[in-house]
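I opened the model to look up a few contacts and pairings. The notes follow in the order I took them.

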Amino acid sequence: QIFNGAEDNITVKMGIHNEERAFGSTLSYHIACKYGEAGLPSGKTIDIFLEGSAGQSFCAFLARGVNVTLKGDANDYVGKGLCGGNIIISPPDTASFESHLNVIVGNVCLYGATEGNAYFRGIAAERFCVRNSGVTAVVEGVGDHGCEYMTGGLVVILGLTGRNFAAGMSGGIAYVYDIDGSFKPKVNPESVELLPLQLAEDVALVKQLLTDFITKTNSKLAQELLQNWEYEQSKFVKVFPYEYQKALKDM
């Protein structure tokens, strides 16, 4: 049905169990075989809505035009090699816990990702966005070694980070909500500069991503930040790699 060309927009609803690994990768393979590495043509989309717990490598190498929304949680390597697709993960509507205090995705999410968007309403574990080179991601907290060796893309973290943040980070930008002032000692200072969120274009970008995050995940944390923006803006830190600054100046 997806590949017979009869429909431009396909919607799929189903459950998922953590024994199911690399969900979406085979679909992306068939898309690449039919349409090439660029993914689905403009105007064609596949929207997948899931409930449950996803296994490892959920949405690995997800192709452009495929949008996956999961109500539940996921294991390690979510969005590994993401190449244009969109991933949204949030707790079930019936969940009674606070999302920003609980882990929702495992280790090494978005490893080597090149393009697309990922919105995770909850905390990601260790090595989040390692070697990310082009994905835009929003998450409510990360573990150790976040944004390690990142070379491009955009990351917004609405909560605490682990140690050794931005080690070897040479490109892209991260905006971190430093809720308690503990962020600076956790950053590897060799490759990045920490700046306040002041430039108008940075402020507009972060606010737009917060708005999108609310729309996609109904994040209560993001709603509170926007409602108290005049106060909360001062707590955001811009993580700006020295190599990226040099490249921008050379351009």
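Entry 1. I listed the contacts of Phe58 in this predicted model, leaving out neighbours within four places in sequence. Phe58 is in contact with Ile16, Ala22, Phe23, Leu50, Val68, Leu70, Tyr77, Val78, Gly79, Ile87 and Ile89.

Entry 2. I then looked up the nonpolar cores. The largest one has 50 residues. Phe58 and Ile89 are among the residues with the most contacts inside this core, as are Leu110, Phe120, Phe128 and Phe165. Another core, of 22 residues, lies apart from it and includes Ile173, Val206, Ile214 and Leu225. I noted the general background that nonpolar side chains tend to be buried together in soluble globular proteins.

Entry 3. I moved to Ser57. Is Ser57 buried or exposed? I count Ser57 as buried because its relative accessible area is 12%, and the cut-off for buried is under 20%. Ser57 sits in the loop between strand 2 (45–54) and strand 3 (66–74). Beyond residues up to four places away in sequence, Ser57 touches Ala22, Phe23, Asp76, Tyr77 and Lys80.

Entry 4. Strand 2 and strand 3 run parallel and are joined by 9 bridges. In one of these pairings, Ser53 has Asp73 in strand 3 as its bridge partner.

Entry 5. I followed strand 3 onward. Strand 3 also runs parallel to strand 4 (residues 83–90), with 5 bridges between them. Leu70 has Ile89 in strand 4 as its bridge partner.

How values were computed
Residues numbered from 1 in each chain as written. Predicted model: local features only at pLDDT ≥ 70, side-chain atom pairs only at ≥ 80, totals over all residues. Heavy atoms only, no water. Helix = DSSP H or I, 4+ residues; strand = E, 2+ residues; numbered from the N terminus. Buried < 20%, exposed > 50% of the residue type's maximum accessible area, 1.4 Å probe, protein only. Contact = heavy atoms within 4.5 Å. Pairing = 2+ DSSP bridges. Core = buried A, V, L, I, M, F, W, Y, C linked by side-chain atoms within 4.5 Å.
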